[in-house]
Amino acid sequence: MTLKTAIVALVTFTASTALATQTTKKIAYEIDKAKFESVLIYEEGGSPKPGLVLVPNWLGVNEANLKQAKEVAARGYTVLVADVFGVQDRPKNQDEAGKISGALKSDRALLRKRVTKAWEMLATQKGIPLDTKKIGATGFCFGGTAALELARTGANLAAVVTFHAGLSSPAPADAKNIKGKVLAMHGADDPFVPPQEVQAFEDEMRAAKVDWQLVSFGNSVHSFTD
């Protein structure tokens, strides 16, 4: 490639990126008569894009994770920021977040029901640039736990990526339902996810013959992406 060609390519890419229009759309629905509001973010136009169910950390849907989701969408994804708490349960502080997320983590059936509904809302959206054969799930901390639970339901996911997630499962045999690849990004010194939990997760993945990887970051604790 000549210098002139490279410059033309760069200018063309920059111009097309600048012209891309990002859409943010609230998706309202109900589960057991409770109201939920996930947020859909995508770039207008172009070919169908891979979809991503992004489950926030224990603070739930807020401006910080919406900003993060917009950055992900700008890289070529159609993103649904999943509301698994409900409109009436938006944590105002860490104490509230701990109570709400802790209750859901203790009730995996309810957590699965809510995250599955979010996935369905993304997969069935019409008129958006979405490749329904390439939908994945990701999450941070509590959100990563939720993404893993979605995979364990047998949802048609191409991949799941978690960041400093709780890795425990009350039903390890359900890992046999996982259809896509699993990547867990883990802090080696995370006090909330002890070595025994990590080992149990590895055993779970092996027993179910999942295509999985766990990356353990040395000298890293919980919430290392923050």
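**Aromatic pairs, sheet, cores and salt bridges**

The structure, a predicted model, holds five aromatic pairs. In one of them, formed by Tyr29 and Phe36, the ring centres are 6.0 Å apart and the planes meet at 10°, so the pair is stacked. Tyr29 and Phe36 are both buried. Phe201 and Trp212 form an edge-to-face pair, with 6.2 Å from centre to centre and 85° between the planes. This second pair links distant parts of the chain, since Phe201 belongs to helix α6 (residues 195–207) and Trp212 to strand β8, eleven residues apart. Phe201 is buried, its relative accessible area being 1%.

The strands are arranged as follows. An open sheet is built from eight strands in the order β1-β2-β4-β3-β5-β6-β7-β8, and the pairing is mixed. Strands β1 (22–31) and β8 (212–217) form the edges, each pairing on one side only. From one strand to the next, the twist averages 20°. Strands β3 (residues 49–55) and β5 (residues 130–140) run parallel and are joined by seven bridges. Within this pairing, Gly51 stands opposite Ile135 of β5.

Two helices that pack on the sheet are described here. Helix α2 (residues 63–73) touches β1, β2 (34–43), β3, β4 (78–81) and β5, and its direction makes about 35° with that of β2. Helix α4 (residues 108–123) also packs on the sheet, touching β1, β2, β3, β4 and β5. The direction of helix α4 makes about 135° with that of β1.

The largest nonpolar core contains 45 residues, of which Val53, Leu157, Leu167, Val182, Phe201 and Met205 touch the most other members. Neighbours within four places in sequence aside, Met205 is in contact with Ala175, Ile178, Val182, Val210 and Trp212. Another core lies apart from the largest one and consists of eleven residues, including Leu52, Ala69, Val79 and Val81.

Charged side chains were examined next. Ten salt bridges are found in a search of the whole structure. In one, the side chains of Arg90 and Asp83 meet at 3.0 Å, N to O. Arg90 counts as partly exposed, at 26% relative accessibility, whereas Asp83 is buried, with a relative accessible area of 1%.

A salt bridge also joins the side chains of Glu149 and Arg108, at 2.6 Å from N to O. Glu149 is buried, with a relative accessible area of 0%. Arg108 has a relative accessible area of 9%; because residues under 20% are classed as buried, Arg108 is buried as well.

The side chains of Arg206 and Asp203 form a further salt bridge, at 3.9 Å from N to O. Both residues, Arg206 and Asp203, lie in helix α6, three residues apart, which is about one turn of the helix. Arg206 is partly exposed, with a relative accessible area of 47%, and Asp203 likewise counts as partly exposed, at 39% relative accessibility.

Notes. Residues numbered from 1 in each chain as written. Predicted model: local features only at pLDDT ≥ 70, side-chain atom pairs only at ≥ 80, totals over all residues. Heavy atoms only, no water. Core = buried A, V, L, I, M, F, W, Y, C linked by side-chain atoms within 4.5 Å. Buried < 20%, exposed > 50% of the residue type's maximum accessible area, 1.4 Å probe, protein only. Contact = heavy atoms within 4.5 Å. Pairing = 2+ DSSP bridges. Helix = DSSP H or I, 4+ residues; strand = E, 2+ residues; numbered from the N terminus. Axes fitted to C-alpha atoms, helices over the stretch in contact; angles between N-to-C directions. Phe/Tyr/Trp six-rings, centres within 6.5 Å; stacked < 30°, edge-to-face > 60°. Salt bridge = Lys/Arg side-chain N within 4 Å of Asp/Glu carboxyl O.
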